[in-house]
Amino acid sequence: MSPNANANNTADAAAATTTATMPSFAKPTLLQSTALGGASAVFAVNFTHPIELVKSRVQISQQGIMHTCSATFRNEGLMAFWKGLPFAYFREGSNTAIRLGAYAPVRDAMGANAPGAPAYLKFVAGALTGAVGSMAGNPFDVLKTLAQINRGKSVPAFELVGRMYSDQGFGGFYRGLGVNMMRACALNSTKMGVYDITKGYVVTTTGWARKDTRTAFLSSFVAGFFMTCTVAPFDRIRTKLMSQPTNSQMYKGMTDCLVKTVQAEGPLSLWRGFVPIWARFAPMASLQLLTIEFLYDKLGFKSI
């Protein structure tokens, strides 16, 4: 046998050994991934909830971040920053569980992760899971927002639910659904699409693995910035719609709220609260995505 043949055989044997020893990662099912997405989101919201409370109050009161923080602490105490947390748990366990957890299975079912697949399919997958998630979590979004902007004594959860149902019926829990769905489509398509695509660029540029924590952190931080740019106007209108008192209706709907806001405060007011939104989105996206990637890895699932 020639030396070249021996060399080729040795290379083939080495390649086969390498392939055999490489870890193989299974893809999680839709149910498994959704459950992991919910667990990641519920964990992350413990840290990001105070930022969202400040963001909601800034959007409603038109006061600055520092004034809002100091007034909240002075008048209501430290724990006021976690008002509405029980509703946030339910919101993350429904809305974000689907938005975050269902993304990878839906993306793969659409063929968006196949070699040569157009990048826009990843944004479509994010928009679809975002829309479904927002429908599931809208009642908890409404109740969470009402609890967060309440500057008085905290209202017990069951009492707030009873007030809403008594004043506006079942439909009250779905106020702002239209803008919430559009917000979720913009948010999740940007979040998951940018995250997914950025991971590819990071891997190519740095040589880090897709499952590397550094890859996930950098990609999620980039996604958080672009999320803020696309979502801020929807978030402002959603907050104003959902923060209406249970016994009154200030706006007829999304369009009415949008027109009145622009007429009274100008177009740029739609991006009011940009800094606290980004301050929430950047760590929120990082915590959620790092946590679900960690859970994927520990359970032997393929990275997003």
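A charge sits over a ring if NZ of Lys or CZ of Arg is within 6 Å of the ring centre and within 35 degrees of the ring normal. The legends below refer to a predicted model.

**View 1. Lys 211 over the ring of Phe 25.** Lys 211 is placed over the face of Phe 25. The distance to the ring centre is 4.5 Å, against the 6 Å cut-off.

**View 2. Confidence along the protein chain.** The mean pLDDT of the protein chain is 88, and 92% of the residues reach at least 70. Among the elements of the chain, helix H4 (residues 85–101) has the highest mean pLDDT, 96, and helix H1 (residues 3–21) the lowest, 42. Across residues 1–22 the pLDDT is below 50. Beyond near neighbours in sequence, the stretch of residues 1–22 makes two contacts in the model. Where pLDDT is low, the predicted coordinates should not be read in detail.

**View 3. The salt bridge between Arg 183 and Asp 235.** The structure contains 24 salt bridges. In one of them, Arg 183 pairs with Asp 235, and the closest N and O atoms are 2.7 Å apart. Arg 183 belongs to helix H8 (residues 177–206) and Asp 235 to helix H9 (residues 213–242). The two residues are 52 residues apart, and the pair links distant parts of the chain. Arg 183 and Asp 235 are both buried. Both are also members of a salt-bridge network, together with Glu 52, Lys 55, Arg 91, Glu 92, Asp 141, Lys 144 and Arg 238.

**View 4. Glu 265 and its salt bridges with Lys 240 and Arg 272.** The side chains of Glu 265 and Lys 240 form a salt bridge with an N to O distance of 3.4 Å. Because Glu 265 lies in helix H10 (residues 254–265) and Lys 240 in helix H9, this pair ties together parts that are 25 residues apart in sequence. Glu 265 also forms a salt bridge with Arg 272, where the closest N and O atoms are 2.4 Å apart. Lys 240 has a relative accessible area of 10% and is therefore buried, the cut-off being under 20%. Glu 265, at 23% relative accessibility, is partly exposed. Arg 272 is likewise partly exposed, with a relative accessible area of 24%.

**View 5. The aromatic pair Phe 43 and Phe 47.** Eight aromatic pairs are found in the whole structure. In the pair of Phe 43 and Phe 47, the ring centres are 5.3 Å apart and the planes stand at 70°, so the pair is edge-to-face; the cut-off for this class is over 60 degrees. Both residues lie in helix H2 (residues 30–61), four residues apart, which is about one turn of the helix. Phe 43 is partly exposed, its relative accessible area being 40%.

View 6. Phe 221 lies in helix H9 and Trp 278 in helix H11 (residues 274–298), so the pair ties together parts that are 57 residues apart in sequence. Phe 221 is partly exposed at 40% relative accessibility, and Trp 278 is partly exposed at 30%.

View 7. The largest nonpolar core has 24 residues, of which Phe 281, Leu 289, Tyr 296 and Ile 304 touch the most other members. Helices H5 (103–109), H8, H9 and H11 are the elements that give two or more residues to this core. H11 gives the most, seven residues. Leaving aside neighbours within four places in sequence, the contacts of Ile 304 include Tyr 103, Met 192, Tyr 195, Leu 289, Ile 292 and Tyr 296. Among the other contacts of Ile 304 are Arg 107, Lys 199, Arg 210 and Glu 293. A second, separate core has nine residues, among them Phe 87, Val 142, Leu 160 and Met 242.

View 8. Ile 149 is part of helix H6 (residues 120–149). Its relative accessibility is 19%, so Ile 149 counts as buried, under the 20% cut-off. Apart from neighbours within four places in sequence, Ile 149 is in contact with Ser 56, Arg 57, Ile 60 and Ser 243. Ile 149 and Thr 239 are 90 residues apart in sequence, with a C-alpha to C-alpha distance of 9.8 Å.

Terms used: Residues are numbered from 1 along each chain as its sequence is written. This is a predicted model: local features need pLDDT of at least 70, side-chain atom pairs count only at pLDDT 80 or more; totals for chains, interfaces and linings use all residues. Side-chain values use heavy atoms; hydrogens and water are left out. A salt bridge is a side-chain nitrogen of Lys or Arg within 4 Å of a carboxyl oxygen of Asp or Glu. Buried means under 20% relative accessible area, exposed over 50%, partly exposed in between (1.4 Å probe, protein chains only). pLDDT is the predictor's confidence in each residue, from 0 to 100. Contact means heavy atoms within 4.5 Å. Rings of Phe, Tyr and Trp (its six-membered ring) pair if their centres lie within 6.5 Å; planes under 30 degrees apart count as stacked, over 60 as edge-to-face and the rest as tilted. A nonpolar core is a set of buried Ala, Val, Leu, Ile, Met, Phe, Trp, Tyr and Cys residues joined through side-chain atoms within 4.5 Å.
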